[in-house]
Amino acid sequence: MKEGQKGIYYITGESKAAVASSPFLEGLRSRGYEVLYLVDPIDEYMVQQMKEYDGKKLISCTKEGLDLDDTEDEKKAKEEEKARFEPLCKLMKDFLGDKVEKVVVSHRIDESPCVLVTSEHGWTANMERIMKAQALRDNSMTSYMVSKKTMEINPKNQIICELRNKAEVDQSDKTVKDLVWLMYETSLLTSGFSLEDSSQFAGRIHRMIKLGLSIENVEGEAADDLPPLVETAAETNAKMEEVD
(Lines give C-alpha, C1' and ligand atoms only; values in the text may rest on other atoms or scores of the structure.)
Protein backbone atom coordinates (compact mmCIF):
# COMPACT_ATOMS: atom_id res chain seq x y z
CA MET A 1 0.00 0.00 0.00
CA LYS A 2 1.00 3.58 -0.63
CA GLU A 3 2.20 5.34 2.51
CA GLY A 4 -0.67 7.25 4.09
CA GLN A 5 -3.38 5.17 2.38
CA LYS A 6 -6.14 4.87 4.96
CA GLY A 7 -7.93 1.75 3.75
CA ILE A 8 -7.72 -1.28 1.50
CA TYR A 9 -9.47 -0.47 -1.75
CA TYR A 10 -11.01 -3.33 -3.70
CA ILE A 11 -13.17 -3.90 -6.75
CA THR A 12 -15.24 -6.98 -7.55
CA GLY A 13 -16.07 -8.21 -11.03
CA GLU A 14 -16.51 -11.11 -13.41
CA SER A 15 -12.88 -11.23 -14.53
CA LYS A 16 -9.54 -9.48 -14.14
CA ALA A 17 -9.88 -7.97 -17.62
CA ALA A 18 -13.30 -6.57 -16.75
CA VAL A 19 -12.20 -4.86 -13.54
CA ALA A 20 -8.85 -3.67 -14.91
CA SER A 21 -10.64 -1.48 -17.47
CA SER A 22 -13.22 -0.17 -15.00
CA PRO A 23 -13.66 3.64 -14.81
CA PHE A 24 -13.87 3.29 -11.01
CA LEU A 25 -10.09 2.85 -10.86
CA GLU A 26 -9.20 6.13 -12.61
CA GLY A 27 -9.10 8.39 -9.55
CA LEU A 28 -7.34 5.82 -7.38
CA ARG A 29 -4.70 5.12 -10.01
CA SER A 30 -3.94 8.81 -10.46
CA ARG A 31 -3.18 8.99 -6.74
CA GLY A 32 -0.98 5.90 -6.80
CA TYR A 33 -3.25 3.78 -4.60
CA GLU A 34 -3.23 -0.02 -4.77
CA VAL A 35 -6.51 -1.80 -5.51
CA LEU A 36 -7.37 -5.47 -4.93
CA TYR A 37 -9.05 -7.29 -7.82
CA LEU A 38 -11.64 -9.73 -6.41
CA VAL A 39 -12.96 -11.80 -9.31
CA ASP A 40 -14.25 -14.99 -7.65
CA PRO A 41 -17.99 -15.15 -6.84
CA ILE A 42 -17.20 -16.13 -3.25
CA ASP A 43 -15.37 -12.81 -2.81
CA GLU A 44 -18.69 -10.94 -2.87
CA TYR A 45 -19.89 -12.95 0.11
CA MET A 46 -16.53 -12.69 1.87
CA VAL A 47 -16.36 -8.88 1.85
CA GLN A 48 -19.88 -8.69 3.33
CA GLN A 49 -18.53 -10.37 6.47
CA MET A 50 -14.90 -9.26 6.47
CA LYS A 51 -15.04 -5.49 6.97
CA GLU A 52 -11.34 -4.93 7.75
CA TYR A 53 -7.95 -6.61 7.72
CA ASP A 54 -4.98 -5.87 9.95
CA GLY A 55 -6.65 -2.71 11.23
CA LYS A 56 -7.38 -1.40 7.73
CA LYS A 57 -10.97 -0.99 6.56
CA LEU A 58 -11.95 -2.66 3.27
CA ILE A 59 -13.39 -0.03 0.94
CA SER A 60 -15.31 -0.81 -2.26
CA CYS A 61 -14.41 1.33 -5.30
CA THR A 62 -17.91 0.96 -6.74
CA LYS A 63 -19.98 2.24 -3.82
CA GLU A 64 -20.85 5.77 -2.80
CA GLY A 65 -18.94 7.70 -0.15
CA LEU A 66 -15.44 7.03 -1.52
CA ASP A 67 -12.98 9.32 0.29
CA LEU A 68 -9.76 10.04 -1.59
CA ASP A 69 -8.03 12.07 1.16
CA ASP A 70 -8.28 15.47 -0.55
CA THR A 71 -6.26 18.49 0.49
CA GLU A 72 -8.03 21.67 1.64
CA ASP A 73 -7.44 23.29 -1.76
CA GLU A 74 -8.91 20.25 -3.53
CA LYS A 75 -11.94 20.28 -1.25
CA LYS A 76 -12.53 23.98 -1.96
CA ALA A 77 -12.25 23.43 -5.72
CA LYS A 78 -14.70 20.52 -5.53
CA GLU A 79 -17.27 22.63 -3.67
CA GLU A 80 -17.06 25.26 -6.42
CA GLU A 81 -17.53 22.61 -9.12
CA LYS A 82 -20.45 21.12 -7.22
CA ALA A 83 -22.22 24.49 -7.15
CA ARG A 84 -21.47 25.13 -10.84
CA PHE A 85 -22.89 21.78 -11.99
CA GLU A 86 -25.83 21.66 -9.59
CA PRO A 87 -28.38 22.78 -12.25
CA LEU A 88 -27.18 20.07 -14.65
CA CYS A 89 -27.37 17.42 -11.92
CA LYS A 90 -30.95 18.44 -11.15
CA LEU A 91 -31.91 18.40 -14.84
CA MET A 92 -30.39 14.94 -15.35
CA LYS A 93 -32.24 13.62 -12.32
CA ASP A 94 -35.51 15.04 -13.70
CA PHE A 95 -34.92 13.29 -17.02
CA LEU A 96 -33.93 9.93 -15.50
CA GLY A 97 -36.65 9.90 -12.82
CA ASP A 98 -36.55 6.84 -10.57
CA LYS A 99 -33.78 5.16 -12.60
CA VAL A 100 -31.33 6.88 -10.27
CA GLU A 101 -31.66 8.06 -6.69
CA LYS A 102 -29.61 11.18 -7.36
CA VAL A 103 -27.04 12.75 -9.68
CA VAL A 104 -23.94 14.26 -8.10
CA VAL A 105 -20.53 15.62 -9.05
CA SER A 106 -17.79 13.01 -8.63
CA HIS A 107 -14.02 13.01 -8.41
CA ARG A 108 -13.43 9.28 -8.35
CA ILE A 109 -13.19 9.35 -12.18
CA ASP A 110 -10.60 11.26 -14.19
CA GLU A 111 -11.43 10.45 -17.82
CA SER A 112 -14.90 8.88 -18.09
CA PRO A 113 -17.91 11.23 -18.19
CA CYS A 114 -19.94 9.34 -15.59
CA VAL A 115 -20.42 6.16 -13.56
CA LEU A 116 -23.20 4.54 -11.57
CA VAL A 117 -22.43 3.69 -7.95
CA THR A 118 -24.50 1.76 -5.43
CA SER A 119 -25.26 2.47 -1.78
CA GLU A 120 -22.71 1.50 0.86
CA HIS A 121 -24.81 -1.37 2.26
CA GLY A 122 -26.47 -2.53 -0.97
CA TRP A 123 -25.41 -4.99 -3.65
CA THR A 124 -22.68 -4.14 -6.11
CA ALA A 125 -23.30 -4.56 -9.85
CA ASN A 126 -21.31 -7.80 -9.70
CA MET A 127 -23.46 -9.14 -6.84
CA GLU A 128 -26.59 -8.34 -8.85
CA ARG A 129 -25.14 -10.33 -11.75
CA ILE A 130 -24.38 -13.30 -9.47
CA MET A 131 -27.85 -13.30 -7.91
CA LYS A 132 -29.63 -13.04 -11.27
CA ALA A 133 -27.72 -16.15 -12.38
CA GLN A 134 -29.05 -18.24 -9.47
CA ALA A 135 -31.46 -20.90 -10.69
CA LEU A 136 -33.46 -20.90 -7.43
CA ARG A 137 -33.19 -17.21 -6.62
CA ASP A 138 -35.92 -15.48 -4.61
CA ASN A 139 -37.25 -12.67 -6.82
CA SER A 140 -38.75 -10.84 -3.84
CA MET A 141 -35.38 -10.79 -2.10
CA THR A 142 -33.68 -9.69 -5.32
CA SER A 143 -35.97 -6.69 -5.72
CA TYR A 144 -35.48 -5.81 -2.05
CA MET A 145 -31.69 -5.94 -2.13
CA VAL A 146 -31.07 -4.25 -5.48
CA SER A 147 -29.45 -0.95 -4.65
CA LYS A 148 -30.61 2.46 -5.67
CA LYS A 149 -28.09 3.81 -8.13
CA THR A 150 -26.37 7.16 -7.85
CA MET A 151 -25.07 8.73 -11.05
CA GLU A 152 -21.75 10.50 -10.57
CA ILE A 153 -20.59 12.90 -13.29
CA ASN A 154 -17.07 14.08 -14.01
CA PRO A 155 -16.97 17.93 -14.10
CA LYS A 156 -13.65 17.89 -15.96
CA ASN A 157 -14.91 15.72 -18.82
CA GLN A 158 -15.55 17.58 -22.10
CA ILE A 159 -18.84 15.77 -22.71
CA ILE A 160 -20.20 16.85 -19.33
CA CYS A 161 -18.98 20.42 -19.78
CA GLU A 162 -20.58 20.75 -23.23
CA LEU A 163 -23.78 19.12 -22.01
CA ARG A 164 -23.93 21.70 -19.24
CA ASN A 165 -23.46 24.52 -21.76
CA LYS A 166 -26.14 23.10 -24.06
CA ALA A 167 -28.60 22.64 -21.17
CA GLU A 168 -28.08 26.25 -20.06
CA VAL A 169 -29.21 27.44 -23.51
CA ASP A 170 -32.35 25.26 -23.66
CA GLN A 171 -33.29 22.71 -20.99
CA SER A 172 -36.13 21.36 -23.12
CA ASP A 173 -33.82 20.50 -26.02
CA LYS A 174 -34.67 16.96 -27.20
CA THR A 175 -31.00 16.31 -27.99
CA VAL A 176 -30.02 17.06 -24.39
CA LYS A 177 -32.59 14.56 -23.14
CA ASP A 178 -31.39 11.88 -25.57
CA LEU A 179 -27.77 12.47 -24.58
CA VAL A 180 -28.57 12.20 -20.87
CA TRP A 181 -30.31 8.86 -21.46
CA LEU A 182 -27.43 7.65 -23.63
CA MET A 183 -24.97 8.52 -20.88
CA TYR A 184 -27.08 6.67 -18.35
CA GLU A 185 -27.29 3.56 -20.50
CA THR A 186 -23.59 3.54 -21.40
CA SER A 187 -22.68 4.04 -17.73
CA LEU A 188 -24.80 0.99 -16.92
CA LEU A 189 -22.50 -1.03 -19.15
CA THR A 190 -19.20 0.49 -18.01
CA SER A 191 -20.22 0.20 -14.34
CA GLY A 192 -20.97 -3.52 -14.65
CA PHE A 193 -24.77 -3.51 -14.85
CA SER A 194 -26.92 -4.99 -17.62
CA LEU A 195 -29.11 -2.97 -19.98
CA GLU A 196 -32.82 -3.03 -19.21
CA ASP A 197 -33.87 -2.34 -22.81
CA SER A 198 -31.21 -2.95 -25.44
CA SER A 199 -33.50 -2.06 -28.36
CA GLN A 200 -34.15 1.42 -26.95
CA PHE A 201 -30.43 1.89 -26.39
CA ALA A 202 -29.74 0.83 -29.99
CA GLY A 203 -32.40 3.26 -31.20
CA ARG A 204 -30.67 6.19 -29.52
CA ILE A 205 -27.29 5.12 -30.91
CA HIS A 206 -28.75 4.98 -34.42
CA ARG A 207 -30.28 8.43 -33.93
CA MET A 208 -26.89 9.85 -32.94
CA ILE A 209 -25.25 8.15 -35.93
CA LYS A 210 -27.81 9.80 -38.21
CA LEU A 211 -27.00 13.17 -36.72
CA GLY A 212 -23.28 12.51 -37.12
CA LEU A 213 -23.75 11.60 -40.77
CA SER A 214 -26.19 14.47 -41.37
CA ILE A 215 -28.87 12.02 -42.53
CA GLU A 216 -32.31 13.56 -42.62
CA ASN A 217 -35.49 11.57 -42.09
CA VAL A 218 -37.12 10.25 -45.25
CA GLU A 219 -40.34 12.02 -46.15
CA GLY A 220 -43.20 10.38 -44.27
CA GLU A 221 -40.86 8.87 -41.66
CA ALA A 222 -41.48 9.85 -38.06
CA ALA A 223 -39.16 12.60 -36.90
CA ASP A 224 -38.60 10.81 -33.62
CA ASP A 225 -38.36 7.07 -34.19
CA LEU A 226 -37.43 6.35 -30.59
CA PRO A 227 -39.77 5.02 -27.91
CA PRO A 228 -41.31 7.87 -25.90
CA LEU A 229 -39.27 8.94 -22.90
CA VAL A 230 -40.75 9.04 -19.44
CA GLU A 231 -42.19 12.48 -18.82
CA THR A 232 -40.82 14.51 -15.96
CA ALA A 233 -43.05 15.78 -13.20
CA ALA A 234 -42.62 19.33 -14.49
CA GLU A 235 -43.82 18.34 -17.98
CA THR A 236 -46.84 16.51 -16.56
CA ASN A 237 -47.83 19.50 -14.41
CA ALA A 238 -47.46 21.83 -17.41
CA LYS A 239 -49.86 19.69 -19.46
CA MET A 240 -52.35 19.63 -16.60
CA GLU A 241 -52.22 23.42 -16.38
CA GLU A 242 -52.92 23.66 -20.14
CA VAL A 243 -56.04 21.51 -19.70
CA ASP A 244 -57.22 23.68 -16.82
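Helix H4 (residues 72–96) packs against helix H8 (residues 174–190) at an angle of about 80°, their axes 10 Å apart. This is a predicted model, where local features need pLDDT of at least 70, side-chain atom pairs count only at pLDDT 80 or more, and totals for chains, interfaces and linings use all residues. Residues are numbered from 1 along each chain as its sequence is written, and side-chain values use heavy atoms, with hydrogens and water left out.

**Helix H4 and its partners**
- H4 and H8 are therefore roughly perpendicular to each other (angles of 65 to 115 degrees).
- On the H4 side, Leu91, Met92, Phe95 and Leu96 meet H8 residues including Trp181 and Tyr184; contact means heavy atoms within 4.5 Å.
- H4 also packs with helix H7 (residues 158–169), again at an angle of about 80° and with axes 10 Å apart.
- Arg84, Phe85, Leu88 and Leu91 of H4 make that contact with Ile160, Cys161, Leu163, Arg164 and Ala167 of H7.

**A covered helix**
- Six of the eight residues in helix H5 (residues 125–132) are buried (under 20% relative accessible area, 1.4 Å probe, protein chains only).
- Those buried residues are Ala125, Asn126, Met127, Glu128, Ile130 and Met131.
- They pack against strand S1 (8–12), helix H3 (41–49) and strand S7 (149–153).

**The surface around Leu213**
- Leu213 sits in the loop between helix H9 (198–212) and helix H10 (233–243).
- Leu213 counts as exposed because its relative accessibility is 57%, and exposed means over 50%.

Note on methods:
Helix = DSSP H or I, 4+ residues; strand = E, 2+ residues; numbered from the N terminus. Axes fitted to C-alpha atoms, helices over the stretch in contact; angles between N-to-C directions. Parallel < 35°, antiparallel > 145°, perpendicular 65-115°, else oblique.
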